[in-house]
Amino acid sequence: MEIGGRKVRRNKRIEVESSYPCTLQFYSTPPSGNVSLLEFDEMATERLKILRAVERLNLSGQVKNSEDWLNKLYDDFAKNKYFVYSAEKISSSKRDEVEAARRRDHVSHFILRLAYCRTEDLRRWFIIHETDLFRARFLHSFKNGSDVKSFMLANNLHFTPLPQEEMQSERENLLSGTYNISSGDLMEGRTFYKVPFTEALELVRQRKVLVRGGFAYVPDTDLVTLVTTAFRANLSQALASTNRALPQLEDDERLVRLLQDFDKRYTGSDYSQRKGTDGPRITPDIIDQLAVKSFPLCMRQLNDTLRTSHHLKHGGRLTYGLFLKAAGLSLEDALHFWRSHFLKNMDVDKFEKQYAYGIRFNYGKEGKRTDWSPYSCIKIIMGNVGPGDAHGCPFKHSDQAMLRQRLINFKVPQQAISEIIELVGKGHYQIACQKYWEATHNAPLETGINHPNQYFEESHKFNSGSGSSTQTTQGKKPSQVKTNVSVMYSSQPSSQLSSQSSSSSQATTTDHNNTNANITSDVDSAMFDDDMDSAMLEQYMETAEC
């Protein structure tokens with residue numbers, strides 16, 4: 001697939017050197033060359049993971065642009081071996097690795113432009129987090145002595161240094177009007193840039209710089225703000241241009257399938273290929289105990305409903321059954337578990353004829369024998385929940401008064417309950433789930449929550465002391481959660497999300513593995529029926545695969 005219109009050079013090394021002379025990029029020129037569909041998808045997914053890591057850190061309460069914020073972000077890059085970590089190495093060492101990483105950086109940015117230029121909400125999300133990523137990389141390069149000057153020259157970023165004479169005449173004003181410069185000693189060796197105040201609105205708004213005669217006097221320590229402002233302006237304009245050119249791509253169905261609903265794509269661990277030796281193995285006799293200690297609220301709710309009514313409607317059986325499979329429940333134990341509950345309401349023949357098939361189907365033993373994936377958080381959040389259903393996200397689909405009472409019954413501390421309710425009101429359902437994890441484990445969780453089985457794995461690691469990305473120091477106060485109006489991993493406005501209730505929720509997303517499939521109304525309504533025949537079950541699973 002051709003990404004750019006320029007002719008590919010024969011000598012790859014010469015092309016890379018001319019295209020990627022610096023660690024940082026302004027992404028002014030589209031990439032050239034051929035990219036396979038597989039590589040296209042892999043690069044786009046990797047960049048989406050990076051931007052979501054930036055978003056998660058911003059929502060965790062860390063002060064943006066602080067030393068701690070920067071270190072935690074780069075720790076995440078290094079841990080996951082993202083291209084950012086390799087692209088910023090000195091090019092003379094491991095040259096091929098650096099070149100490949102910078103190429104992935106370049107191409108992946110333009111791919112996500114295609115995915116995120118479609119609506120105002122998508123563009124806003126992309127601009128915010130791409131700008132934060134660029135800011136972090138600029139600060140990291142500046143801190144490590146990379147050649148920032150060559151980057152600025154290559155991108156025509158010329159900021160006029162303040163002449164020494166004017167600096168002396170404005171010395172007192174600079175001392176009194178510049179943030180963190182309160183003495184003459186701090187002025188020594190400092191360079192100031194005199195720019196139109198419109199290029200430093202962020203600093204002006206925070207009252208960090210001197211403004212005189214329509215100009216802002218910006219110290220070199222805040223150079224990142226000027227460069228980031230230029231980056232944001234260029235990206236905003238580029239997204240608008242990409243949106244106007246988007247109809248040209250509609251004829252290529254391959255791109256449409258890959259980019260459709262890309263913002264809702266699940267990017268966490270794959271729980272569909274679980275082997276018997278991976279992680280803990282659970283048995284029916286310990287499920288109730290695990291539900292109290294280690295299950296996310298959505299799965300604990302399903303287990304509680306099953307314990308009291310000894311039945312779940314199809315949506316609940318599907319969601320909970322796939323979760324238990326990925327958590328380590330074998331097919332034999334699953335049949336025993338569901339049979340032990342359902343036989344309290346029916347005879348063995350009815351269970352075997354109407355329900356055992358669906359259980360075996362989940363494990364890939366019936367139908368097309370597909371190893372179905374358990375539902376991710378975004379799948380559960382965006383799903384339909386009807387009257388009498390027990391599945392769904394309690395933070396999204398429950399009334400706040402009912403949610404509060406449930407948290408009280410589960411002995412969640414009052415302060416944590418207040419924070420959770422506040423997060424729910426702003427549409428931050430996954431962050432609310434993270435806060436619930438922290439409150440019930442009395443420890444901070446830095447990885448975020450994006451899948452019920454991830455929640456269970458982190459809890460199991462914590463309780464077993466086997467170690468994880470979670471800080472497991474007992475008694476340590478969970479980190480405070482700072483929120484804004486964005487919704488984690490979703491482009492839908494928080495005001496719209498928070499106003500939806502379980503009676504008015506509409507299915508607005510398709511599965512990340514089958515984004516172009518549309519669930520028919522017959523299958524949608526069948527989701528809430530008590531029974532489904534084998535043909536309908538297979539059709540539903542193929543169109544709504546998690």
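These questions and answers walk through a sheet and some aromatic rings in a predicted model.

Reader: Which residue in β3 is the bridge partner of Arg212?
Author: Strand β3 covers residues 215–219 and runs antiparallel to β2. Three bridges join these two strands. In β3, the partner of Arg212 is Phe215.

Reader: Which charged residue sits over the ring of Phe215?
Author: Phe215 is the bridge partner of Arg212. A charged end also sits over the Phe215 ring, 5.0 Å from its centre. That charged end belongs to Lys194.

Reader: How many aromatic pairs does a search of the whole structure find?
Author: Aromatic pairs are described by the distance of the centres and the angle of the planes. Searching the whole structure gives a count of 31.

Reader: Phe159 and Tyr193 form an aromatic pair; what is the angle between the planes?
Author: The two ring centres lie 6.4 Å apart. Planes over 60 degrees apart count as edge-to-face. This pair is edge-to-face, with an angle of 70°.

Reader: How many residues apart are Phe159 and Tyr193?
Author: Phe159 is in the loop between α7 (148–154) and α8 (164–169). Tyr193 is in strand β1. The pair links distant parts of the chain, and the separation is 34 residues.

Reader: Why does Phe159 count as buried?
Author: Buried means under 20% relative accessible area. Phe159 counts as buried because its relative accessibility is 14%.

Reader: Phe295 and Phe323 form an aromatic pair; what is the distance centre to centre?
Author: This pair is edge-to-face, with 85° between the planes. Phe295 is in the loop between α14 (287–293) and α15 (297–309), while Phe323 is in helix α16. Centre to centre, the distance is 4.9 Å.

Reader: Is Phe323 buried or exposed?
Author: The cut-off for buried is under 20% relative accessible area. Phe323 has 1%, so it is buried.

Reader: Which Trp belongs to the aromatic cluster with Phe295 and Phe323?
Author: Phe295 and Phe323 pair edge-to-face. One cluster holds both, and its members include Tyr320, Phe337 and Phe456.

How values were computed: Residues numbered from 1 in each chain as written. Predicted model: local features only at pLDDT ≥ 70, side-chain atom pairs only at ≥ 80, totals over all residues. Heavy atoms only, no water. Pairing = 2+ DSSP bridges. Helix = DSSP H or I, 4+ residues; strand = E, 2+ residues; numbered from the N terminus. Phe/Tyr/Trp six-rings, centres within 6.5 Å; stacked < 30°, edge-to-face > 60°. Buried < 20%, exposed > 50% of the residue type's maximum accessible area, 1.4 Å probe, protein only. Lys NZ or Arg CZ within 6 Å of the ring centre and 35° of its normal.
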